[in-house]
Amino acid sequence: MKLLSVVVPCYNSQDYMRNCIESLLPGGEDVELLIVNDGSRDETAKIADEYATRYPTIVKAIHQENKGHGGAVNSGIQHASGCYLKVVDSDDWVDYDAYMKILHQLKSIIVKNETVDLLLSNFVFEKEGKKYKKVMKYENVFPQNTIFTWDEVGNFRKGQYIMMHSMIYRTELLRESGLKLPEHTFYVDNLFVFHPLQYVKTMMYLNENFYRYFIGRDDQSVNEKVMIKRIDQQLKVNKMMVDQFDVKKVINPRLRQYLINHLEIVTVISAIMLIRSGTEENLKKKEALWNYIEENNPELYQNLRYGALGKIMNIPGRIGRTITVGVYKISQKIVGFN
């Protein structure tokens, strides 16, 4: 059994996937690289097969008809043989030194027969054209280099959150959680974080800048104009998260509060994009989203609607929307997102 399975979803990734794969190969025989060619129409399939031929004991090329990012991750989880699983998008890469430390830690966990459901590390916003690199760290939140539970987790700051880039899940936990991401849907990263996290009991945090998250390409799904264009997919994921979260069933108060905060961030992003679009139709969708949450998850609605961000998002009229957009622009500069 491999120590770590790394799923690399690829769709028309010929221009940058080599950089991603080359950053992962130093893991050697401890690592299984699952390159999922998701119905690409360029040279992606050829490149995936090339690496599988050159490194037959490390790299597997999985070819499938186009199912979207979620469908590619689902295939990776299905084929994974590693004790732990990491998703690395094909336009991103990993830092060598941090990678070696993480593999060493995973090996130690296995040798000692310890149970760690989730290993966390930092990620870096590699924003195109920016010299200053914003790092998402958790040193104020998680104990370092030791196994801990939610009872020992500190308070997250506003704008500080767990992303897929931070996470290495225990593979069996992913499967036991019943995670199945929707196909042909953008923004499923939030579901990858949100759904299995409800089952996580033990964690470990390494304060290492492991994942390099490239951001700023014009066609990228997190580009603001692209997000507005695909707002219905963002809303779909937002609603799925609402449906998957029963506030009363999450017993641990710190985990419950984190999940509420995470959903708050996703809902705020949905609302901001709807406001930024400037159309009457999308302003109605914003109201419809809040109505959906209230009708389908009333307890969650109380937490979201009357929290600090919920109040800002719902200041009525044009002045309220101007204030909301102002807060968003300040957050962009502080947090570093696109």
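The model is predicted: local features require pLDDT of at least 70, side-chain atom pairs count only at pLDDT 80 or more, and totals for chains, interfaces and linings use all residues. Residues are numbered from 1 along each chain as its sequence is written, and side-chain values use heavy atoms, with hydrogens and water left out.

Select Glu22 to begin; this residue lies in helix H1 (residues 17-24), helices being DSSP runs of H or I with at least four residues, numbered from the N terminus. Now display Tyr51 and Arg54, which Glu22 touches when residues up to four places away in sequence are not counted; contact means heavy atoms within 4.5 Å. The side chains of Glu22 and Tyr51 are joined by a polar contact of 2.7 Å (a pair of N or O atoms within 3.5 Å, one able to donate a hydrogen and the other to accept it).

Proceed to Leu197. Leaving aside neighbours within four places in sequence, its contacts include Leu118, Trp150, Ile162 and Leu259.

Finally, select helix H10 (residues 280-296) and helix H11 (residues 298-305), whose axes come within 5 Å and cross at roughly 135 degrees; axes are lines fitted to C-alpha atoms over the stretch in contact, with angles from 0 to 180 degrees between N-to-C directions. Among the residues that meet here are Trp290 and Ile293 in H10, and Leu300 and Tyr301 in H11.

Conventions
Helices (H or I, at least four residues) and strands (E, at least two) are DSSP runs, numbered from the N terminus.
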